[in-house]
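Hi,

Have a look at it first, then read on.

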Amino acid sequence: MKQINLITISLFLLSIFLIAISCNDSNAKPNNKNSKQDVDLVKNTILTQSVTQKNKTNSNVVSNDTITIIGVGDMMLGTNYPASPNYLPKNNNCNTLLEPVIDILKDADVTFGNCEGVFSDDIRYVKKCNSPKNCYRFSMPESYAKCFVNAGFDVVSIANNHLGDLGAYGRKNTVKVLKENKIHFAGLTDYPSIIFEKNGVKYGFCAFAPNSGTCQITDIPKAKNTVKKLKEKCDIVIVSFHGGAEGRNHQHVTRKYETFLGHNRGNVYDFAHSVIDAGADIVFGHGPHVTRAIDIYKERFIIYSMGNFCTYRRFNLTGPSGIAPIIKLYVDKNGKFLKGKITPIYQDKMTGTKLDPQKRAISKIRQLTKKDFPEVEVNITNEGDILIRN
Ligand SMILES: [Zn+2]
C-alpha cells in the first residue's frame, strides 16, 4: 500500500513537472515543429528514468512499449483558387485554424491526417469544372504546409479526390512541398507507401482512394500486397482510405460497395478487414465528410470515417458535417489495440477547429458503432475513452 502511495505521489510530481515543461514550451514557441522535438527529447529522457508520460496517462493497460498514434480526417486550410472572393484564413494565417487543438495533436508518437487539397502558389493549372457553378478546386498556398508541421503532423494521405484539382502539375508540386517540409506521405500510384522510423519504431504507411492517380481502394488484392510487404519490414502498419459515399445520408457502414454521384467509392468494410488480414494494424478512414463507426477486427482498430477535421470555408459544415473526432490510439509494439480516446471537435466556418463542449462526436460514434457493429466488444465512455469490454 505504502509503495502504491509512493508511486501515486511520484506520478503526481512528474505530471506537474511535465505540465510546467509543456506550458513553457508552448509559451516560448507556440507553433514550432522544434517544440514537438523538444517534448520528444524530454519524453525520451524521462523514459530512461523508468516512468513515461504515456504510462502516466494510461496506467491500466500499457507498458513501456506502448505506442500512441493520432488520426484525424480531412484537412484543407484555405484555397487560393478562386482568387476572388478570398478563401484564405484571416491575415493569411492558417495556424489560427488549428491552435485550439495543437497541444492534443502533438501529444502522440505519430500524428496523421488527410491532406484534402494540393499545395501550389500557381493556379494556372486548375482543372476545368464540368459545372462551374459547383466548382470545388482546393489549392493551398505552399507556405501552409508549415501549419501541418507546426501542429505536429508526421504523415498525411494524398490519396483523395482533390489531389487531382490541378492535374499532374498539382500532384507533383504537392509532393515537392511535402518533401521540403519533411512530412511523410503516400497514396499516389507513384508513391504507394512509405516507411519511416520514429523513437526506435518502424512505421509503414499506405493510402487508398477511388480516384485517378491514387492507389485504388477497389483493387483489394493489390492493397493487400502493399500491406503485406510493409508488414514484413515494419513494426506498425497504418492504412488510410478515402472512401464511401458522402454526407448526412451516408453515416452508416453498409458492408457493400457504395456509389456516390455515379462513382464506385469502394466497399470500405471489406477493404478494412482485408488489409488487416494482410497485416495492417490501424485503418484510418475518411472521405464521407461525416463521422462513421469504429470497429475492432483481429484486435486491430478501424474507424470508417473521421469526417471534416479542419476544412476552411468551401465545405458544408452543417449538422453531422460540422463535428468530428481526434482519435488517439494506444497500441502495443506489434500494433495490437489497447485503448483509445476520442477528443470531440467542431468547426466554425470562419475560425477553424475547436473543442466541442457538447461532445457530439463521442455520442455520434457510440451510436453508430452500436448500430453498425453490435458484435464489437468496446465501451465508449462519456469522456470519449474507447475501452475493450471485459
Ligand atoms: Zn474528399
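Before the notes, one convention on angles: axes are lines fitted to C-alpha atoms (for helices, over the stretch in contact), and angles run from 0 to 180 degrees between N-to-C directions. This is a predicted model, so local features need pLDDT of at least 70 and side-chain atom pairs count only at pLDDT 80 or more, while totals for chains, interfaces and linings use all residues. Residues are numbered from 1 along each chain as its sequence is written.

Helices (H or I, at least four residues) and strands (E, at least two) are DSSP runs, numbered from the N terminus. Strands pair if DSSP finds at least two bridges between them; contact means C-beta atoms, placed from the backbone, within 7 Å.

Now the sheet. Six strands make an open, mixed one, ordered β7-β8-β9-β12-β14-β13. β7 (193-198) and β13 (294-297) sit at the edges with a single partner strand each, so one side of each has no neighbour in the sheet. Strand to strand, the twist averages 15 degrees. β13 pairs with β14 (residues 300-303) in the antiparallel sense, over four bridges, and Ile-296 is opposite Phe-301 in β14.

Two helices go with it. α8 (residues 220-233) packs on the sheet, touching β7, β8 (201-208) and β9 (236-242), with its direction at about 170 degrees to that of β8. α9 (residues 268-277) lies across β9, β12 (282-286), β13 and β14, at about 160 degrees to β12.

Ile-238 is worth a click: beyond its neighbours within four places in sequence, its contacts are Ile-69, Phe-112, Tyr-203, Phe-205, Asp-281, Ile-282 and Phe-284.

Cheers
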